[in-house]
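Here are my notes after a pass through the model. Have the structure open next to you as you read, and take the points in any order you like.

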Amino acid sequence: MKLNKQDILKALKSITVPGEGQNMVESGAVTNVITFGDEVIVDITIKNPSLQAKKRTEVDILKTIHEQVYEKAKITVNVKVDAPEKPKANVIKGNPIPGIQNIVAVASGKGGVGKSTVTANLAVSLAKMGFKVGVLDADIYGPSIPIMFDVEAEKPLAVNIEGKSKMKPIENYGVKVLSIGFFTQPNQAVVWRGPMAAKALNQMIFDAHWGEIDFLLLDLPPGTGDIHLSIMQSLPITGAVVVSTPQNVALADAKKGVAMFQQESINVPVLGIVENMSYFTPEELPDNKYYIFGKEGAKNLAEDLKVRFLGELPLIQSIREAGDVGRPAALQTGTSLEQAFEELTRNIVEEVVRRHEDLPPTEAIKITTMAGCSAVKK
């Protein structure tokens with residue numbers, strides 16, 4: 001059988017380059033294809049220097065051509081590695097998701113500070129302002145975004161995009177949402193090791209059809225661990241928002257959260273700090289403020305770390321109630337809560353605009369040594 005070069009290229013488009021989100025042809029990894037009768041030679045250049053990546057690339061090409069083009073084809077695969085011998089920093093240029101303009105990570109050093117609540121209300125506030133918004137629930141072990149958007153019973157559908165099967169995010173209140181919660185039972189615990197959780201995240205990032213998005217918000221899990229590194233290795237994040245409550249215990253962890261993003265090997269711009277549960281206001285006494293967790297702790301931390309204080313959010317019963325019933329409080333109209341979330345959202349948008357004016361595009365990181373996981377020294 002006489003092989004056709006175009007048939008070979010079409011088959012190679014179905015293979016993803018190891019460690020990247022694009023296929024072998026679109027990424028430019030395939031440098032040459034030569035056919036002669038039933039023989040084919042494929043020259044390919046990859047950036048991953050590991051032996052496993054080279055072997056997987058070769059096996060994928062052999063298997064794909066045999067299955068999609070001709071099962072008896074005689075194939076020669078020449079794999080070349082194009083990686084810097086002595087990189088000055090542990091970073092490589094990331095591959096942005098087509099159609100997504102800004103990726104904002106919402107993080108916290110500590111659990112229970114209301115990070116998911118802030119993410120959900122920030123998302124609907126952006127949507128109310130006319131932006132196209134998506135939320136990726138990256139909290140693999142405790143996904144709460146489906147509940148807050150009243151879509152916990154939904155299941156993403158598969159859609160065909162340019163011959164590839166993609167997940168279609170669930171949409172409510174003008175916000176597109178993806179979460180591991182859509183793929184597990186309500187009472188099922190996610191007991192996964194880091195690599196498996198990272199693989200699930202990569203699928204939700206690169207195997208989803210987000211469409212045109214102005215802001216993709218990442219609801220990160222608490223802390224500074226494996227999931228955070230996986231996200232920042234996969235995506236060029238525009239900036240990070242750190243959420244904290246005012247008390248010293250939470251501020252100590254929030255400081256570590258900021259330090260993680262500012263670490264030299266990560267270098268993600270911190271847009272600012274949000275102080276959640278700043279004060280308690282009872283419904284019957286709307287003018288009274290009780291500083292249960294301390295006063296202006298996150299504001300003072302922002303000044304110390306020289307990052308912007310994005311705003312304070314009160315501890316009000318209706319915020320909790322709105323989250324529990326799946327209708328974020330920012331959807332209310334003519335209330336002090338709506339104003340608080342709108343002010344916070346405007347400040348974040350301002351910081352994103354300023355960040356684009358002052359800094360080059362963020363690159364996805366590549367941890368090449370254990371130094372990338374070391375403690376931050378200040």
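1. Glu296, and some ground rules. Glu296 is partly exposed, with a relative accessible area of 32%; for these labels, buried is under 20% relative accessible area, exposed is over 50% and partly exposed is in between, with a 1.4 Å probe and protein chains only. This is a predicted model, where local features need pLDDT of at least 70, side-chain atom pairs count only at pLDDT 80 or more, and totals for chains, interfaces and linings use all residues. Residues are numbered from 1 along each chain as its sequence is written, and side-chain values use heavy atoms, with hydrogens and water left out.

2. Two positive phi angles. Glu296 has phi near 60°, a positive value in a residue other than glycine, and sits in the loop between strand S12 (270–275) and helix H8 (297–305). Asp150 also isn't a glycine, and its phi is positive at about 55°. You'll find Asp150 in the loop between helix H4 (145–148) and strand S6 (157–161), partly exposed at 47% relative accessibility.

3. The chain overall. I count on 10 helices and 13 strands here, with helices (H or I, at least four residues) and strands (E, at least two) taken as DSSP runs numbered from the N terminus. Of the 378 residues in the chain, 46% are buried. Among contacts between residues at least 6 apart in sequence, 75% join residues at least 24 apart; contact means heavy atoms within 4.5 Å.

4. The start of the chain. Met1 lies in the segment before H1 and counts as exposed at 56% relative accessibility. Leaving aside neighbours within four places in sequence, Met1 is in contact with Gly37, Asp38, Val69 and Tyr70. Met1 and Tyr70 are 69 residues apart in sequence, yet their C-alpha atoms are 8.1 Å apart.

5. Helix H1. Which residues of H1 are buried? They are Ile8, Leu9, Ala11 and Leu12. Seen down the axis of H1, these buried residues fall within an arc of 160°, so they line one face of the helix; the arc is that of the directions from the helix axis to the C-beta atoms. Gln6 and Lys10 are exposed on the other side of H1. The cover over the buried residues of H1 includes S1, S2 and H2.

6. Helix H2. Ala53, Thr57, Ile61, Thr64 and Ile65 are buried in H2. Down the axis of H2, the buried residues fall within an arc of 95°, so they line one face. They pack against helix H1 (5–12), strand S2 (39–46) and strand S3 (74–81). Leu51, Gln52, Lys63 and Glu67 are exposed on the other side of H2.

7. Ile15. This residue lies in the loop between H1 and strand S1 (30–36) and is buried, with a relative accessible area of 5%. Not counting residues up to four places away in sequence, Ile15 touches Gln22, Asn23, Met24, Asp60, Ile61 and Thr64. The C-alpha atoms of Ile15 and Val25, 10 residues apart along the chain, are separated by 8.6 Å.

8. The second largest pocket. Its volume is about 510 Å³. On a 1 Å grid over the protein atoms alone, a pocket is an open set of points with protein on both sides within 12 Å along at least five of seven lines, a cavity is a set where a 1.4 Å probe fits but cannot get out, and lining residues have an atom within 4 Å of a point. Grid points are joined across faces, edges and corners, and a volume is the space filled by probe spheres set on the points. Of the 26 lining residues, Tyr279, Pro314, Ile316, Ser336 and Leu337 are the closest to the pocket's centre. H10 gives the largest share of the lining, six residues.

9. The cavity. The structure holds one cavity of 30 Å³ or more, and the space in the largest cavity is about 40 Å³. Its lining is made up of Thr117, Ala120, Asn121, Met148, Ile319, Ala322, Gly323, Pro328 and Ala329.
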